[in-house]
Amino acid sequence: MDILEHYINMRLSFSEVKEHEEVYTTTGELAGILSCTMRNTNLIVKKFLEQEWVCWSPQKGRGRKSPLKFRLSLLEAARMYLDQLTEEKRIEEAYIFATSSHFPSYVKEVLVSLLQDHFGLQSTNKTNQRLDILKIPTDAQIHTLDPTKIAIVHEAHIASQIFDTLIRYDKANQSFQPGLALAWEEKLSGKEWTFYLRKGVLFHHGRTMTSKDIQYTFNRLRSDKTIPTREMFDCIEKVEVYDDITVNFVLKEPSYLFLDLISSFYASILPFDVNFTEKKPIGTGPFKVNRHEEHLLILDAFQSYFEGRAFLDQIEYWYIPKSLTEETNVPLKENHHKKTTYKELGSFFLAFNLQKPGIHHDQHFRLALKHLLDGKRLVSELGLPRRQAASSFLDYKSKDRSLFNLDKALEHLFLSGYKGEVIEVATFRFKEGIEDMNWLKGMCETVGIRLNVTTVPLSMIYSKNEVNKYDAFYVGETFEENEALSLFIMYKSENSVLRMILNEPYRKKLDLMLEKVAGESTLLNRIQQFLLIEEWLCKEAVIILTYHTLEEQNYHQALSGIEFSGYGMPNFRRLWVKRSREESGSELVSYSIYIP
């Protein structure tokens, strides 16, 4: 046990005693408080004296009480130990310590506030060297950084800082812009695509990127059977290397979704000469992995990034279990803060698991729930961040209408032959999902449907065996800026909840419809084909769409270059800090920022 821990335990035992107030005790009593032998107690108290934390004049004679004075307050000792834990990056221990039930409320409040201040963007200026470090607490674990296997939004956002793709999607112009490729051209009406790479692009391990890396990346994507997005790239017949900076893709059939696929984070370029490892993944992105452990991921700015070094020197992602963060849920200090809201792309929806036998295979039963689970009522009764009832995954196509009809729900329930079976519904551990499903459970009780709601971790996406435990899943599908790509991923990726729940007949029909999407030469026609897929699934009541959301961002006004991705997360490549004249002389300045 640390010497400060011993002092805090002893100070808690004399919590009624003020600083510099004399109290009489024995070495034996102190040994009981410290849970130590008499010899170790004397050594510990000697260290207290050396630090000038106490005054202690032991009296001779067995059992004689001696005067003890505390010079260091409980609050100051607790602050010192909290600083020690955070400096040593023992953040989970720091949360447990700060929320200890042994502390009086005034100590706990200070510690929790200090802990919150530890996160955000910290700008230090020591020995004429300025360092800007972003520290992000998250209750979402990182399960993989392999861009081909990622299924969770926050992992995709992190991967976009480490890796780059050949091209990038520009939402404003609905077009593609150069990434690692400087230029590209289409041949044979979309059956062949040639990419011309930038010269001198470096991987994090120092080697220059060549066409061989592009060939390796896509051959791995197509051949590795453990990759859940493999079938998305099944359109590629072969990848040909012409020279160091020229690579040619030959497709099985013309695909007008090919550029969308090439721009996706799944197609992030990996080096051919290094096997992928979770501990030290290597890309060409603006940040490189410094340290990757169970509770901590540290990214350092890549000095040789081909588009120029990022402003931030380091990003730290701290995994902290939600059970701990709920106890330290202190609002941001909103002085000098800006708030902005944005419409999150995508929608919440209920999907019936057709891989599992049950009454939910009956369309009448699914339609009964469709007339109960009404997005318009969820928006009006449960409020923000629910903003608009959804009849489509695309908010601009959604009609703000109510489908709630108790009589129709009862009629369909009767036709289904429902006999009181318990319907097992799973939702991820999001506040809105839990509230929505508890609301639905109440509605189901009014018509006699027995619903059991279970919250499951996001990691369930990576455990396919867990899926078959549930009759339905309630999830929120968050889209990136390229809506066509997002729709294709949702329908085609084996990591997509929607695809997971479809049985073989539905999958086969879906894949035929996706082939039609890829064959459309204009974006407008591709979107129209996607809408036909959506209409079919909704009509069958395989999915029930509920609503679109409105999210809020909160950040300090000193932060500049704030750009939000389609996932609603800031682009760390652009983020920078503008210190005020008053702050320029300070060694440490902290700026709070909310990162969802």
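How do the residues of the lining of the second largest cavity divide into nonpolar, polar and charged? The structure is a predicted model, for which local features need pLDDT of at least 70 and side-chain atom pairs count only at pLDDT 80 or more, whereas totals for chains, interfaces and linings use all residues. Residues are numbered from 1 along each chain as its sequence is written, and side-chain values use heavy atoms, with hydrogens and water left out.

The second largest cavity is lined by Glu344, Leu345, Gly346, Arg387, Phe393, Leu394, Asp395, Phe479, Glu483 and His548, a lining that divides into four nonpolar, two polar and four charged residues. Here Ala, Val, Leu, Ile, Met, Phe, Trp, Tyr, Cys and Pro count as nonpolar, Asp, Glu, Lys and Arg as charged, and the others, Gly among them, as polar. A cavity is a set of points, on a 1 Å grid over the protein atoms alone, where a 1.4 Å probe fits but cannot get out, and lining residues have an atom within 4 Å of a point. The volume, taken as the space filled by probe spheres set on points joined across faces, edges and corners, is about 30 Å³ for the second largest cavity.

The largest cavity has a volume of about 70 Å³, and its lining comprises seven nonpolar residues, two polar and one charged; among the lining residues are Tyr216, Leu270, Phe276 and Lys280.

Glutamine 529 lies in helix H19, residues 523-539 (a DSSP run of H or I, at least four residues, numbered from the N terminus). With a relative accessibility of 17%, glutamine 529 counts as buried, the term meaning under 20% relative accessible area with a 1.4 Å probe and protein chains only.

Key
Helix = DSSP H or I, 4+ residues; strand = E, 2+ residues; numbered from the N terminus. Buried < 20%, exposed > 50% of the residue type's maximum accessible area, 1.4 Å probe, protein only. 1 Å grid on protein atoms, 1.4 Å probe; cavity = no way out; pocket = protein on both sides within 12 Å on 5 of 7 lines; lining within 4 Å.
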